Amino acid sequence: MKNESDDFIDDSKYALDAWIREDYKTAYKVLLPLAEQEDAGAQFLMGLMYSSGLGVSQDIKTAFKWFRLAADQGDPDAQYVLGVSYDWGETVPKGCLGEGVPKDYKEAFKWYRLSAELGYSKAQFNLGEMYREGFIIAKDFIRATKWYRLAAEQGLAEAQCNLGLMYEKGQGVKQNYKKAVKWYRLSAKQGYPLAESNLGVMYENGQGVKTDYEKAIKWYRLAVKQGISGAQLNLGFMYESGKGIMQDHKEAAKLYRLSAEQGNNVAQNYLGVLYVLGHGVSQNYVLAHMWFSLSGSRGLKDGVKKEL
């Protein structure tokens with residue numbers, strides 16, 4: 001004989017099957033009574049449905065209500081969503097989570113911490129960011145490293161990258177280039193662009209690994225494909241100087257421009273130098289002056305590099 005618990009389990013499975021089939025209207029019909037019976041998982045899914053307009057008309061306010069109910073019951077996914085909502089607040093575009101929610105870093109910190117303590121990796125990463133940047137709380141590199149490590153050990157690429165950065169800079173941990181390379185590599189292998197760029201720097205400078213320009217160029221190229229300004233700058237310099245690759249001023253100018261257009265002041269300065277010298281571009285003092293002005297530099301003297 002089936003009891004109420006068995007019916008509850010059956011309804012949950014039926015709702016999940018409908019969700020997997022993308023039959024959101026059926027899922028909604030089954031989930032609503034479960035959510036009203038204070039099932040946190042169902043409440044979280046109701047929040048997702050209203051936030052994305054799945055089977056119902058999009059309603060961010062109602063979505064937030066369901067996320068809050070789930071979060072109050074200790075659902076780590078919902079707690080993370082609340083953290084993000086308060087973190088971004090009213091700065092988000094219309095129709096996105098956080099709309100109508102006042103920006104409140106204290107509330108964001110509170111919900112990230114609750115979620116992080118339950119092992120939610122993205123919350124652990126965001127909590128680490130708040131400690132590293134000093135949002136609301138005093139900067140604390142040791143605690144930042146702790147939370148990055150917990151998320152990194154779960155395989156979160158951005159946390160692996162930032163843990164590598166902490167080892168590279170010696171923030172919160174003893175400086176260790178080999179460990180920095182280890183974490184950058186784990187992140188880069190997942191395609192995380194900042195880790196690809198940082199790993200390129202380590203190979204170029206011989207930090208934690210033997211200097212290897214070919215590998216540096218390989219990782220820079222991967223990061224360039226994803227639009228990382230620093231990688232565009234560094235790969236441009238490899239082409240300009242002929243480090244590990246045939247010297248090519250045109251390619252250098254192209255890469256500097258990509259980086260400069262993202263506001264990288266070093267790339268803006270280097271591009272200005274190329275316009276003064278007429279390397280890879282037609283000599284043009286007007287454009288040189290423009291790029292020097294954007295970079296805030298004083299011109300060629302500041303732009304000359306060690307290797308040309």
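Begin at the start of helix H4, where a side-chain oxygen of aspartate 59 comes to within 3.2 Å of the backbone nitrogen of lysine 61. A polar contact here is a pair of N or O atoms within 3.5 Å; within protein, one must be able to donate a hydrogen and the other to accept it, and residues adjacent in sequence count only if both atoms are side-chain atoms. The model is predicted: local features need pLDDT of at least 70 and side-chain atom pairs pLDDT 80 or more, whereas totals for chains, interfaces and linings use all residues. Residues are numbered from 1 along each chain as its sequence is written, and side-chain values use heavy atoms, with hydrogens and water left out.

**Helix H4**

Select residues 60-72, the 13 residues of H4. Helices (H or I, at least four residues) and strands (E, at least two) are DSSP runs, numbered from the N terminus.

Now colour Ile60, Ala63, Phe64, Trp66, Phe67, Ala70 and Ala71, the buried residues of H4. Seen down the axis of H4, these buried residues fall within an arc of 165°, so they line one face of the helix. The arc is that of the directions from the helix axis to the C-beta atoms. Buried means under 20% relative accessible area, exposed over 50%, and partly exposed in between (1.4 Å probe, protein chains only). On the face turned away from the buried side, look for the exposed residues Lys61 and Asp72. Helices H2 (24-36), H3 (40-52), H5 (76-88) and H6 (105-117) are among what covers the buried residues of H4.

Centre on alanine 63 in H4, which is buried at a relative accessible area of 0%. Beyond residues up to four places away in sequence, alanine 63 touches Gly47, Tyr50 and Ser51, contact being heavy atoms within 4.5 Å. After H4 comes glycine 74, with a positive phi near 90°.

**Helix H5**

Move to aspartate 75, which caps the N-terminal end of H5 through a side-chain oxygen 3.1 Å from the backbone nitrogen of aspartate 77. The buried residues of H5 include Tyr80, Leu82 and Asp87, and their cover includes H3, H4, H6 and H7. Just after H5, glycine 89 has a positive phi of about 55°.

**The largest pocket**

Which residues line the largest pocket? Select Tyr80, Val84, Asp87, Trp88, Lys103, Tyr105, Tyr112, Asn126, Glu129, Met130 and Phe135. H5, H6 and helix H7 (121-133) each give two or more residues to this lining, and H5 provides the largest share, four residues. The volume of the largest pocket is about 190 Å³. On a 1 Å grid over the protein atoms alone, a pocket is an open set of points where a 1.4 Å probe fits, with protein on both sides within 12 Å along at least five of seven lines; lining residues have an atom within 4 Å of a point.

Next, select asparagine 162 in helix H9 (residues 157-169), which is buried at 9% relative accessibility. Its side chain makes a polar contact of 2.8 Å with the side chain of glutamate 129.

Finish at serine 295 in helix H16 (residues 285-295). Serine 295 is buried, with a relative accessible area of 12%, and touches Asn265, Gln268 and Asn269, leaving out residues up to four places away in sequence.

Note on methods: Expected span 1.5 Å × (residues − 1). Points joined across faces, edges and corners; volume = space filled by probe spheres on them.
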